[in-house]
Amino acid sequence: MLSIDDVRAARERVEEVARRTPLERSRTFSELTGADVHLKLETFQRTGAFKIRGATNRIATLSPAEREAGVVTASAGNHAQGVALAAARADVESTIVMPEHAPVSKVKATRGYGGEVVLHGIDYQEAQARAHEIEAAEDRTYVHAFNDEAVMAGQGTIGLEIAEDCPQADTVVVPIGGGGLIAGIATAVTEELDDVRVVGVQAEGAASAAQSLASGRVETIDSVDTIADGIATRSVGEIPFEVIRERVDEVVTVSDTEIAHALTLLLERSKVLVEGAGAVPLAAVLAEAFAYEDDETIVAALCGGNIDMNRLTTVIMRGLIEMGRYLKVKMALKDRPGELERVASIVSDHGANVYAVHHDRTSRDVAVNAADLEVEMETHDAEHAAAIVASLEADGYEVEILA
């Protein structure tokens with residue numbers, strides 16, 4: 001099983017490539033939760049995510065013959081970039097197989113770091129199968145994203161930094177995809193800190209680790225469906241699973257809505273951009289997915305910031321809806337002068353900002369003497385949105401809340 005000596009040895013190999021990322025206390029999230037919340041900002045890592053650590057450590061262990069043949073891997077994006085950069089730094093050729101629907105930004109970044117990208121399959125498992133075909137055909141070394149002790153040890157260097165920068169930590173919260181990150185961090189912090197608790201977090205739509213712990217063996221789920229594409233794997237690795245069973249205290253899940261909420265709050269309040277996978281630890285804290293005490297010192301490992309810009313727009317809108325900051329309503333109006341002005345006056349009296357108005361009197365679903373009105377508006381919070389709806393209903397309108 002992975003040991004603290006493995007992690008310490010990895011630090012010596014990766015320290016010239018990987019950055020030591022900040023760990024900062026968040027007054028905002030401490031006030032929101034009542035806990036003493038600290039953020040490990042691995043979003044500021046080279047390539048925008050932690051994967052450079054494990055990839056660098058694994059490539060550093062290659063034999064001369066393996067270096068000459070090159071490496072291959074499969075990844076949804078962050079491991080791809082880590083392997084591409086680590087291989088380029090070591091003057092080793094790399095081929096990276098990515099799912100066909102991997103975020104465009106991650107595909108471009110991987111190519112920019114020097115990796116040859118092959119797009120194949122609908123998810124990580126199908127991309128991985130193609131990568132193993134290339135491994136056999138070209139005699140390359142496969143650099144697994146998580147099911148490799150050298151990779152796990154490299155990711156564990158984050159745990160060493162957490163232990164040094166926040167020795168008072170009571171709980172460390174880490175995302176789980178394949179399990180390599182949490183296995184490495186748990187190995188480091190449980191050895192370096194007394195009585196520390198390690199909590200793993202998965203997205204509800206990719207909760208293989210939670211199912212595996214419940215059954216006592218690695219379980220593979222049929223499909224994944226989550227905005228947290230960086231942890232969208234159908235199963236945890238066999239090697240990290242043994243470490244998780246031994247050193248992780250609890251595994252919880254969060255919904256995509258909770259992930260979007262945390263991501264939006266981080267962007268607005270802390271000015272930190274994370275991807276969905278990077279937001280899940282904080283989402284678990286905000287949603288109280290696990291129990292914690294007032295003033296408990298919690299470190300949330302924000303593991304990556306490589307979010308596709310198109311997805312960011314959607315996620316922010318989801319987050320605003322969850323926070324009550326966006327309201328879209330539909331109602332029927334009498335088709336007569338002044339009706340639209342009445343609605344606008346009610347909205348204005350409440351101080352809401354209108355994004356868009358759609359007024360339709362021609363649809364076959366609309367009565368001859370009526371018009372359908374849809375209004376999108378910016379609101380202050382859920383109470384503000386509810387007050388606007390109540391005022392419209394008090395004025396005789398039947399209001400359908402669309403978002």
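Guide: Two strands pair if DSSP finds at least two bridges between them, and the elements themselves are DSSP runs numbered from the N terminus, with helices being H or I of at least four residues and strands being E of at least two. This is a predicted model, in which local features need pLDDT of at least 70 and side-chain atom pairs count only at pLDDT 80 or more, while totals for chains, interfaces and linings use all residues. Residues are numbered from 1 along each chain as its sequence is written, and side-chain values use heavy atoms, with hydrogens and water left out.

Visitor: In what order do the 4 strands of the open sheet stand?

Guide: Strands of a sheet pair through backbone hydrogen bonds, either parallel or antiparallel. Here the order is β5-β4-β3-β6 with parallel pairing, and the edges are β5 (116–119) and β6 (141–142), each of which pairs on one side only. Within this sheet, β3 (residues 71–74) and β4 (residues 94–98) are joined in the parallel sense by 4 bridges, and V71 stands opposite S94 of β4.

Visitor: Which strands does helix α7 lie across?

Guide: Helix α7 (residues 124–138) lies across β3, β4 and β6, and runs at about 165° to β3; the axes are lines fitted to C-alpha atoms, for helices over the stretch in contact, and the angles run from 0 to 180 degrees between N-to-C directions.

Visitor: How does strand β13 pair with β11 and with β12?

Guide: Strand β13 (residues 370–378) runs antiparallel to β11 (residues 326–334), to which 9 bridges join it, and M331 stands opposite L373 of β13. Strand β12 (residues 353–360) also pairs with β13 in the antiparallel sense, over 7 bridges, with A356 having E376 as its bridge partner in β13.

Visitor: Which residues of helix α15 are buried, and which exposed residues does the face turned away from them carry?

Guide: Buried means under 20% relative accessible area, exposed over 50%, and partly exposed in between, with a 1.4 Å probe and protein chains only. In α15 (residues 339–349) the buried residues are E339, V343, I346 and V347. These cover an arc of only 95° around the axis, so they lie on the same side of α15, the arc being that of the directions from the helix axis to the C-beta atoms. The face turned away from the buried side carries the exposed E341, S348 and D349, whereas the cover over the buried residues includes β11, β12, β13 and α16 (382–394). After α15 comes G351, with a positive phi near 75°.

Conventions:
Contact = heavy atoms within 4.5 Å.
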